[in-house]
Amino acid sequence: MRNHPRIPLLKELPLIIWLVLLWGALWQDFSLGNLVFGAIIAFVVTNIFYLPPVDLSGRFNVLYAAGFGIRFLYKLVIASFHVLWLAAVHGPRIKNAVVAVKLRSHSDLLVTATGHALSLIPGSLVVEVDRSTSTLYLHCLGVNSQAAAEKVRDDVRATESWLIRMMGTREDLALVRAEQKDLKELREGEVSR
């Protein structure tokens, strides 16, 4: 008994292809027979165990993807040394905090991608996601003041901004550009005073 709407096969195809590739990788066998069997299992799984479809924006910017990759690697290296320094200097006396960050986008894909990117960088871990408000709750090392918490929020929103530029919807992209324009005007106003 199906009590969810039928998803067109064309929209479901990327998920099925991903599951078939995952099946082949798990069995370390990419023979035709194994992949066909994996396709059958993937089709059955996607139709019995219903998940809401992931809405893709239909856009992907390769330049921002490269920039995001470089930024991610840079953050990874810097955060690794920062965690080493905190552990060596402060040891068990490190102040930690759980910081809530409300994201711009309500896309499940962008919220998930942002959360995973942040969790892969040492020193922070997503401990909760409020899907209804697109809020991430991160446990962060070395956060002992409101200014440090704001720095974490700014970094999270910058990560989300890169992901929106890379693969976000046009509406989310327009919101990021409008925020940047407002910030630029605010800075120019401060400089002229």
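The largest pocket holds about 570 Å³ of space. This is a predicted model. The elements that each give two or more residues to the pocket's lining are helix 3 (62-89), strand 3 and helix 5 (146-167). In total, 22 residues line the largest pocket. Nearest its centre lie Ala79, His82, Lys151, Val152 and Asp155. Helix 3 gives the most to this lining, with 7 residues. By class, the lining has 15 nonpolar, 4 polar and 3 charged residues.

**Annotated segments**

An unreviewed UniProt entry places the feature "transmembrane region" at residues 9-26, 32-50 and 62-88. In the model, residues 62-88 are 100% helix and 0% strand. The end C-alpha atoms of that stretch are 39 Å apart. Residues 32-50 are 89% helix and 0% strand, with the end C-alpha atoms 27 Å apart.

**Aromatic pairs**

The structure holds 4 aromatic pairs. A pair of aromatic rings is described by the distance of the centres and the angle of the planes. Two of the pairs are set out here.

| Pair | Centre distance | Plane angle | Class |
|---|---|---|---|
| Tyr64 and Trp162 | 5.7 Å | 70 degrees | edge-to-face |
| Phe68 and Phe72 | 6.4 Å | 25 degrees | stacked |

Why is the pair of Tyr64 and Trp162 edge-to-face? The planes stand at 70 degrees, and the cut-off for this class is over 60. The pair links distant parts of the chain: Tyr64 is in helix 3, Trp162 is in helix 5, and 98 residues separate them. Tyr64 is partly exposed, at 31% relative accessibility. Trp162 is also partly exposed, with a relative accessible area of 23%.

Phe68 and Phe72 form a stacked pair. They are separated by about one helical turn, because they lie 4 residues apart in helix 3. Phe68 counts as buried at 14% relative accessibility. Phe72 is buried too, with a relative accessible area of 18%. Elsewhere, ring pairs link Trp23, Trp27 and Phe37 into a cluster.

**Positive phi in two loops**

Most residues other than glycine have a negative phi. Gln28 is not a glycine, yet its phi is positive, at about 50 degrees. Gln28 sits in the loop between helix 1 (9-27) and helix 2 (32-48). Ser134 also has a positive phi without being a glycine, at about 55 degrees. Its loop runs between strand 2 (124-130) and strand 3 (135-141).

Which of these residues is buried, and which is exposed? Gln28 is exposed, with a relative accessible area of 72%. Ser134 counts as buried, at 1% relative accessibility.

Conventions:
Residues numbered from 1 in each chain as written. Predicted model: local features only at pLDDT ≥ 70, side-chain atom pairs only at ≥ 80, totals over all residues. Heavy atoms only, no water. Buried < 20%, exposed > 50% of the residue type's maximum accessible area, 1.4 Å probe, protein only. 1 Å grid on protein atoms, 1.4 Å probe; cavity = no way out; pocket = protein on both sides within 12 Å on 5 of 7 lines; lining within 4 Å. Points joined across faces, edges and corners; volume = space filled by probe spheres on them. Nonpolar A, V, L, I, M, F, W, Y, C, P; charged D, E, K, R; others polar. UniProt positions renumbered as here; feature names shortened; annotations may be inferred. Phe/Tyr/Trp six-rings, centres within 6.5 Å; stacked < 30°, edge-to-face > 60°.
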